[in-house]
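Subject: Structure handover

Hello,

Here is the structure I promised to pass on. My notes follow below it.

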Amino acid sequence: MVEQRQHGRTPVHNSEVYLLRQMPPTFSTIPPLSPPSPITPAEDDDFCNGMPIEALSLSQPAIAVADEKLAVEERLSNAVHVLSTETTALQNLTALYSTDRLAREGFNRAVEAITRRNHPKYPHHQHHSHSRGATDGKIVVIGVGKSGHIAKKLVATFNSLAIQAVFLHPTEALHGDLGQIGPRDTFLLITFSGKTPELLTLLPHLDKSLPLILLTSHTRPETCELIKHRPDTILLPAPIHEPETKSFGVSAPTTSTTVALTVGDALAIVASRELHPSVASVFAKNHPGGAIGAALRKPSLSEKSARELAVRMEMIPLLDTPPEKTATGADVLRAGYASPSGWVRLQTGDVISPRRIRKLDSADLVTGLEELKGWLVTSKKELVPVAADSSVEKAAEWVLGMRVALGDGQYEDNAIVAVMDRGECVGLLEVGSLMEEA
């Protein structure tokens, strides 16, 4: 409170206010001083319960999340780069075997080397098996390092497709394992460089009379060191479009093993198709275990097609007799015995089935084929057409229905079914075999 003394007009003060002399009227228009600014939250000790907000608390989590996303994207980008690079290598490989003469000739010779020296045992032709077995050829696959692992995988694939194969380590071969090699075997050597020291050391000890297939990156024989030491080698190219060091910054076998494995798989599948009437059947027989075996075990008739049972036309050998000689029943019997499937084909396209060959008696053996044709040979006009993709069950029902409808011995067990695909006969099947399967 301001108080004035009765005896004077001088200013007085208490603890709160100083009272100055009265301002002249001319200063009355000056606005009063602005009130003090409020205290900012950062200056208020009681704000947020005394916990001040950190300046970077909102941005640090965002940066961490962004870094994690970038790391994931980089990881996936690197994976896609590997997949894309190996896909490109396979595309180039496909183009090579589609257009390159040497690659195509090499693959053809490799398949011939395998199929010519292998004689599959068919369950329904076990009467032939006594002449086989001991003389069956096998594939001896040789490699070291990563190529050795590819070799072992291909051995497993060949065996599952009923083409006998074994793995031979080149170092172990020099210490006694050469004893595995038989007189009808075929060698398959795998080396990306074409100059693996262990293989070059082993090469002089491999029987030169046996076919040798070389799976390598070289596309021309003159550039391959190993072929220089054995010029009769069958070249099976498996090149890559660029070095792995350029692709991935490291020379670890990646693209090279992918293309080698792919060419080996192609060789196994093609050879098996030419050796066996039904690759699916032999694979199922050789793979009874696991999920694959469970899926393949006892397939329903509705899932098995006529194509799978049929003997492919190109697998039926021609009856080959000298022009000056008249073919007899004995010639037919010998040809059927030598045929892996038991079927025989004539130059005219007519065929003789296993059941009819087995009906030959001693008198027929000296009889000319022309006299035997009436009952022994089935002409193309007599073939019973069935769609290749028909199930065994449906095909058997149709044939049985025609047998009942026509009668007179038509469509009997020794009649022959022509398995047709888009107007072309792709295989043959005896009616009796069809009925047995159904």
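Start with Leu267. Setting aside neighbours within four places in sequence, Leu267 is in contact with Phe107, Ala110, Val111, Ile114, Phe158, Leu188 and Leu236. Bear in mind that this is a predicted model.

Leu267 belongs to the largest nonpolar core, which has 36 residues. Together with Phe158 and Leu236, Leu267 touches the most other members of that core. Eight elements each supply at least two of its residues: helix 1 (60–99), helix 2 (101–116), strand 1 (139–142), helix 3, strand 3 (186–190), strand 4, strand 5 and helix 8 (255–275). Helix 8 gives the most, with seven residues. As general background, nonpolar side chains in soluble globular proteins tend to be buried together.

Next, strand 5. Both of its faces are covered. Ile234 and Leu236 are buried on one side, and Leu235 and Pro237 are buried on the other. Strand 5 pairs with strand 4 (residues 212–216) in the parallel sense, over four bridges. Pro237 in strand 5 is the bridge partner of Thr216.

Where is Thr233 found? The answer is the loop between helix 6 (225–229) and strand 5 (234–237). Thr233 has a relative accessibility of 5%, so it counts as buried. Its side chain reaches the backbone oxygen of Arg230 at 2.7 Å. Beyond its neighbours within four places in sequence, Thr233 is in contact with Arg109, Leu212, Leu214 and Ile227.

Ala162 is not a glycine, yet its phi is positive, at about 65°. Ala162 is found in the loop between helix 3 (145–160) and strand 2 (165–168). Its relative accessibility is 31%, so Ala162 counts as partly exposed. Arg422 also has a positive phi without being a glycine, near 55°. Arg422 lies in the loop between strand 10 (416–421) and strand 11 (424–430). With a relative accessible area of 81%, Arg422 is exposed.

Leu429 in strand 11 is the bridge partner of Val417.

The C-alpha atoms of Val384 and Val417 are 4.5 Å apart in space, while the two residues are 33 residues apart in sequence. Is Val384 buried or exposed? Val384 is buried, at 4% relative accessibility. Not counting residues up to four places away in sequence, Val384 touches Trp398, Tyr411, Ile416, Val417 and Ala418.

Helix 14 (residues 369–376) has a clear buried side. Leu369, Leu372 and Leu376 are buried there. These three cover an arc of only 65° around the axis, so they sit on the same side of helix 14. The face turned away from that buried side carries the exposed residues Glu370, Glu371 and Gly374. What covers the buried residues of helix 14 includes helix 12 (329–338), strand 8 (351–352) and helix 13 (354–358).

Last, the cysteines. The structure holds zero disulfides. Cys224 is buried, with a relative accessible area of 0%. Cys425 is partly exposed, with a relative accessible area of 22%.

Best regards

Technical notes
Residues are numbered from 1 along each chain as its sequence is written. This is a predicted model: local features need pLDDT of at least 70, side-chain atom pairs count only at pLDDT 80 or more; totals for chains, interfaces and linings use all residues. Side-chain values use heavy atoms; hydrogens and water are left out. Buried means under 20% relative accessible area, exposed over 50%, partly exposed in between (1.4 Å probe, protein chains only). A polar contact is a pair of N or O atoms within 3.5 Å; within protein, one must be able to donate a hydrogen and the other to accept it, and residues adjacent in sequence count only if both atoms are side-chain atoms. Contact means heavy atoms within 4.5 Å. Two strands pair if DSSP finds at least two bridges between them. A nonpolar core is a set of buried Ala, Val, Leu, Ile, Met, Phe, Trp, Tyr and Cys residues joined through side-chain atoms within 4.5 Å. The arc is that of the directions from the helix axis to the C-beta atoms. A disulfide is a pair of cysteine sulfur atoms within 2.5 Å.
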